[in-house]
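Please examine the sequence and the coordinates before turning to the solutions.

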Amino acid sequence: MTRPHAGPSPKEIKEKHDLEEALEEGLEETFPASDPVNVTQPAPSRADSHVKRSD
């Protein structure tokens, strides 16, 4: 027997909302720009070893 899809959980809804807010803020802060907004950070390179990043 299969269950009907219950939809996204409250946690999933909050995560999506938070991501959308971060994208919107990034867009507003970089407007006008030629590059698309990206929320993720690339992995640090060897040249970044002196930079301390907060979590």
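The model is predicted, so local features are given only at pLDDT of at least 70 and side-chain atom pairs only at pLDDT 80 or more, while totals for chains, interfaces and linings use all residues. Residues are numbered from 1 along each chain as its sequence is written, and side-chain values use heavy atoms, with hydrogens and water left out.

**Exercise 1. Describe the overall architecture and surface.**

Step 1. The protein has 1 helix and 0 strands; helices (H or I, at least four residues) and strands (E, at least two) are DSSP runs, numbered from the N terminus. Helix 1 covers residues 10-30.

Step 2. The accessible surface comes to about 5900 Å², and 55% of this area belongs to carbon and sulfur atoms. Such areas come from the Shrake-Rupley method with a 1.4 Å probe; for residues, only the protein chains shown count as cover.

Step 3. Of the 55 residues, 2% are buried. Buried means under 20% relative accessible area, exposed over 50%, and partly exposed in between (1.4 Å probe, protein chains only).

**Exercise 2. Identify the salt bridge and place its partners.**

Step 1. The structure holds 1 salt bridge, defined as a side-chain nitrogen of Lys or Arg within 4 Å of a carboxyl oxygen of Asp or Glu.

Step 2. The partners are K14 and D18, whose closest N and O atoms are 2.8 Å apart. Side chains of opposite charge can pair when their charged atoms come close.

Step 3. Both K14 and D18 lie in helix 1, 4 residues apart, or about one turn of the helix. D18 counts as partly exposed because its relative accessible area is 35%.

**Exercise 3. Characterise the surface patches.**

Step 1. Patches are made of residues with over 30% relative accessible area and no salt bridge; like charges are joined within 9 Å, and nonpolar side chains (Val, Leu, Ile, Met, Phe, Trp, Tyr) within 5 Å.

Step 2. A patch of negative charge is formed by E20, E21, E24, E25, E28 and E29. E24 is partly exposed because its relative accessible area is 42%, and E20 is partly exposed at 43%.

Step 3. L19, L23 and V39 form a nonpolar patch with about 220 Å² of accessible area together. L19 belongs to helix 1 and is partly exposed at 43% relative accessibility.

Methods:
Lys and Arg count as positive and Asp and Glu as negative; His and the chain ends are not counted. The place of a charge is taken as NZ of Lys, CZ of Arg, CG of Asp or CD of Glu.
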